[in-house]
Amino acid sequence: MPKIKTNRGAAKRFKKTGTGRIKRSKAFTSHILTPKTRKNKRNLRQSAMVADVDQKNIAKLIPYK
């Protein structure tokens, strides 16, 4: 059985936690930051978990991570 290739785009965007869930960073943080409030930008820095419906599909993209 050959090894499964890791999707490199997904590998850069997602990490697995110790419990096996998948962590992601939040969107809307790269540009046009002036209209956003300080509180909003601070909250966007925190990481988030991938939604339960997407966990299985993303786990297939990063099998060895």
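**View A. Ile 32 is exposed, with 56% of relative accessible area.** Exposed stands for over 50% relative accessible area, buried for under 20%, and partly exposed for the range in between (1.4 Å probe, protein chains only). The model is predicted: local features need pLDDT of at least 70 and side-chain atom pairs count only at pLDDT 80 or more, while totals for chains, interfaces and linings use all residues. Numbering starts from 1 along each chain as its sequence is written, and side-chain values use heavy atoms, with hydrogens and water left out. Ile 32 sits in the loop between β2 and α2 and has a positive phi of about 55° although it is not a glycine. Phe 28 is in the loop between β2 and α2 (38-44). Phe 28, also not a glycine, has a positive phi of about 70°, and its relative accessibility of 66% makes it exposed.

**View B. The protein chain contains three helices and three strands.** Helices (H or I, at least four residues) and strands (E, at least two) are DSSP runs numbered from the N terminus. Their order along the sequence is α-β-β-α-β-α. The radius of gyration of the protein chain, 15 Å, is well over the 11 Å given by the globule rule for 65 residues, so the chain is more spread out than a compact globule. That radius is taken over C-alpha atoms, and the rule is 2.2 Å times the number of residues to the power 0.38. Along the principal axes, the C-alpha atoms fill a box of roughly 50 × 20 × 20 Å. Of the 65 residues, 15% count as buried.

**View C. Three strands form an open sheet in the order β1-β2-β3, with antiparallel pairing.** Because β1 and β3 (48-49) stand at the edges with a single partner strand each, one side of each is left without a neighbour in the sheet. Strands pair if DSSP finds at least two bridges between them. Two antiparallel bridges join β2 and β3; Lys 23 has Met 49 of β3 as its bridge partner.

**View D. Arg 21 and Asp 52 join their side chains in a salt bridge, at 3.3 Å from N to O.** This pair connects distant parts of the chain, 31 residues apart: Arg 21 is in the loop between β1 (14-16) and β2 (22-24), and Asp 52 is in helix α3 (residues 52-61). The structure holds one salt bridge, defined as a side-chain nitrogen of Lys or Arg within 4 Å of a carboxyl oxygen of Asp or Glu. Arg 21 is partly exposed at 36% relative accessibility, whereas Asp 52 is exposed at 62%.

**View E. Seven residues make up the largest nonpolar core: Ala 10, Ala 11, Phe 14, Ile 22, Val 50, Ile 58 and Ile 62.** Such a core is a set of buried Ala, Val, Leu, Ile, Met, Phe, Trp, Tyr and Cys residues joined through side-chain atoms within 4.5 Å. Ala 10 belongs to helix α1 (residues 8-13) and is buried at 5% relative accessibility. Beyond its neighbours within four places in sequence, Ala 10 is in contact (heavy atoms within 4.5 Å) with Leu 61 and Ile 62. With neighbours within four places in sequence again set aside, Ala 11 is in contact with Thr 6, Ile 62 and Lys 65. A distance of 10.0 Å separates the C-alpha atoms of Ala 10 and Arg 24, which are 14 residues apart along the chain.
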